[in-house]
Amino acid sequence: KKAPNLGNLIFLALVIGLGAFYFFQKKAFDRENTLLATARQERSQLQYVETKLEEQRKARESLDQKITLIESLNSQRDLAARLMDELSRRLPEWVWLNEVIFDAKGIQIKGRALSNNLVADYISSLEASPQVMNVNLVSSTQKTDKGDQYLEFSLRAAVEKKPEPVPAAATPEPAAKP
């Protein structure tokens, strides 16, 4: 009998080694593919959760905007009353207001006075107010009605929209637990 050739034995060991390497690599590749398929399946199952989270995030942003708007409006809800009080307190005698229009640009005041000096006094008085700023005379027209002479005037002014500090309400003390 002839002894196996050393080259053949090395070749056979190499083929067996490559076969074992291929088998283990295929097993690892199959295992990774299974894990990848499982992860893809979990991702597709949780896709609705991601969609819901995005919807909730948008709803929260919308609610935050609404809350900010409500807080802003609430802080200025008494602005018109305070403003009308300020306009009437600073009104000189022989000056009458016909119309006050409040808009985003400020206020427009229309009224009547017996003289230009009284209109100028009213403008100076309004300029001294902490709530009214930049008072400008838009128009002043001499009118006569039934023999009476008067001036019709129109003013435009900016309004300070910061609320005055409101006293804090007393907070009730927590009830004692028995």
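This is a predicted model: local features need pLDDT of at least 70, side-chain atom pairs count only at pLDDT 80 or more; totals for chains, interfaces and linings use all residues.
Residues are numbered from 1 along each chain as its sequence is written, and side-chain values use heavy atoms, with hydrogens and water left out.

**Overall layout**
- The protein has three helices and four strands, taken as DSSP runs numbered from the N terminus (helices H or I of at least four residues, strands E of at least two).
- Along the sequence, these elements follow the pattern α-α-β-β-α-β-β.
- Of the 178 residues, 16% count as buried (buried is under 20% relative accessible area, exposed over 50%, partly exposed in between, with a 1.4 Å probe and protein chains only).
- Among contacts with a separation of 6 or more, 56% come from residues 24 or more positions apart; contact means heavy atoms within 4.5 Å.

**Helix H1**
- Helix H1 bends by about 40° at Leu46, where the bend is the angle between axes fitted to the seven residues ending there and the seven starting there.

**The sheet and its helices**
- Four strands form an open sheet in the order E1-E2-E4-E3, with antiparallel pairing (two strands pair if DSSP finds at least two bridges between them).
- Strand E1 (95-103) and strand E3 (132-145) are the edge strands, each pairing on one side only.
- From one strand to the next, the twist averages 15°; axes are lines fitted to C-alpha atoms, for helices over the stretch in contact, and angles run from 0 to 180 degrees between N-to-C directions.
- Strand E2 (residues 106-113) pairs with strand E4 (residues 148-159) in the antiparallel sense over seven bridges, and Ile107 stands opposite Ala157 in E4.
- Helix H2 (residues 79-89) packs on the sheet and touches E1, E2, E3 and E4, its direction making about 155° with that of E1.
- Helix H3 (residues 116-127) lies across E1, E2, E3 and E4, running at about 165° to E3.

**The nonpolar core**
- The largest nonpolar core has 18 residues (a set of buried Ala, Val, Leu, Ile, Met, Phe, Trp, Tyr and Cys residues joined through side-chain atoms within 4.5 Å).
- The residues with the most contacts inside this core are Ile107, Ile109, Tyr122, Leu126, Val135, Phe153 and Leu155.
- H2, E2, H3, E3 and E4 each give two or more residues to this core, and H3 gives the most, with five.
- Leaving aside neighbours within four places in sequence, Val135 is in contact with Ile123, Leu126, Glu127, Leu155, Arg156 and Ala157.

**Residues worth a look**
- Trp94 lies in the loop between H2 and E1; its phi is near 70°, a positive value in a residue other than glycine, and Trp94 counts as exposed because its relative accessibility is 52%.
- Asn134, in strand E3, has a positive phi of about 50° although it is not a glycine, and Asn134 is exposed, with a relative accessible area of 52%.
- Lys105 is in the loop between E1 and E2 and is exposed, with a relative accessible area of 71%.
- Not counting residues up to four places away in sequence, Lys105 touches Arg156, Ala157 and Ala158.
- The C-alpha atoms of Lys105 and Ala157 are separated by 8.3 Å, although the two are 52 residues apart along the chain.
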